[in-house]
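Morning, everyone. I have one chain to show you today. Let me put it on the screen.

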Amino acid sequence: MFDAIIDFFKSTGLYFFFQPDGWKYFVMIIISLTLLYLAIFKKFEPYLLIPIGFAMLLVNIPNTHMFVETKTIVDGIEKTTYEGLLGFLYYGVKLGIYPPLIFLGIGATTDFGPLIANPKSMLLGAAAQIGIFITFLGAILLGFSGAESASIGIIGGADGPTSILLSSELAPHLIGAISLAAYSYMALVPMIQPPIIRMLTTKKERAIKMEQLREVKQIEKISFSVIVSVICMTLIPSSAPIIGMLMLGNLIKESKVVPNLTKTAGESLLYIITILLGLSIGATTAGTSFLRLETLMIIGLGLFAFAIATASGVLGGKVMCKLTKGKVNPMIGAAGVSAVPMAARVVHKEGQLVDQNNYLLMHAMGPNVAGVIGSAIAAGLFLMFF
């Protein structure tokens, strides 16, 4: 009878909490509950943090077999397979399916008009990518490999799907920490960016009003999707999955002849893939493999990357302000990170804190959508080299 009770206890998840490293499951459960709290009650990226947080909870209740990773050696080559409900869903990340489909949905909901009306915005989007490459070098100095450093550096682009796609290709063992860092900092844009913007700009610069943008014709928007696809994919073929899907989604939207496809890509498909992506990311955060010094270093480097990206964007804006003799508000450079449209809203809000009649949202949307393209190109460059 006593042996039966012991066997029953060993079959429960409770038994594993008392094994070596069992405390890590407990810590991760606390983190998952914290993420769920932030998502539900503080509204920090709730669409993604709810599935991520709940999947994190599921895989850290021991013995549920929701995500089982098995490594085997076949003909001298290590093969990794996944089982369990979340394990099967994870193949969408491993095979690089979910992130491009997210970009299809983003393209179907994005208006590139502000960027087309003010092409100089592309330079600010490019300036904000400097943080990616500085962090890449910093990660190498800290002992990460080139592929791992590239995956960590891309966090500075504040682009969750691109971070996931790059890390799934170059450093799949780091995907949990990188994804969590990328989406956490995207959620914290309203808290991280304002102090950096205020530190690098004067009140007079923040008060600069910009001229109203011209109206962009439909044919320009349609041509933009095709031209950007051809140029980017010809120069950097490895950017095709991201740029191609982003521009396809936008072409569907701007063609205005397939409203049902626009609605499906921008709503139903986008939300379905968001759930699958969030569950897949959360599934990779089992405490025994996630809680390492390496994870803390990635989170720290991610914050550094995002701060440098914001600062370099603002400094790019200051240069442009100088060259245009004060016609460009330098704050819009901060929107060059690709957290769309949150970074643009932060810039708009900062402008209105100085002058309530200063409307910068559409001006900031130009660098903001340019940042989406810029981070995708940066990811394509890393894929070419690694």
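First, a term: a residue is buried under 20% relative accessible area, exposed over 50%, and partly exposed in between, with a 1.4 Å probe and protein chains only. By that cut-off Cys321 is buried, at a relative accessible area of 10%. Cys232 is buried too, at 11%. Count a disulfide as a pair of cysteine sulfur atoms within 2.5 Å. The count comes to 0 disulfides.

Some ground rules. This is a predicted model, where local features need pLDDT of at least 70, side-chain atom pairs count only at pLDDT 80 or more, and totals for chains, interfaces and linings use all residues. Residues are numbered from 1 along each chain as its sequence is written, and side-chain values use heavy atoms, with hydrogens and water left out.

Now the fold. The chain has 21 helices and 2 strands; these are DSSP runs, H or I of at least four residues for helices, E of at least two for strands, numbered from the N terminus. The radius of gyration is 22 Å, close to the 21 Å of the globule rule for 386 residues, so the chain is as compact as a globular protein of that length. That radius is taken over C-alpha atoms, and the rule is 2.2 Å times the number of residues to the power 0.38. Along its principal axes, the C-alpha trace spans about 85 × 45 × 40 Å.

How much of the chain is buried? Buried residues make up 52% of the 386.

Last, contacts, meaning heavy atoms within 4.5 Å. Among those between residues at least 6 apart in sequence, 73% join residues at least 24 apart.
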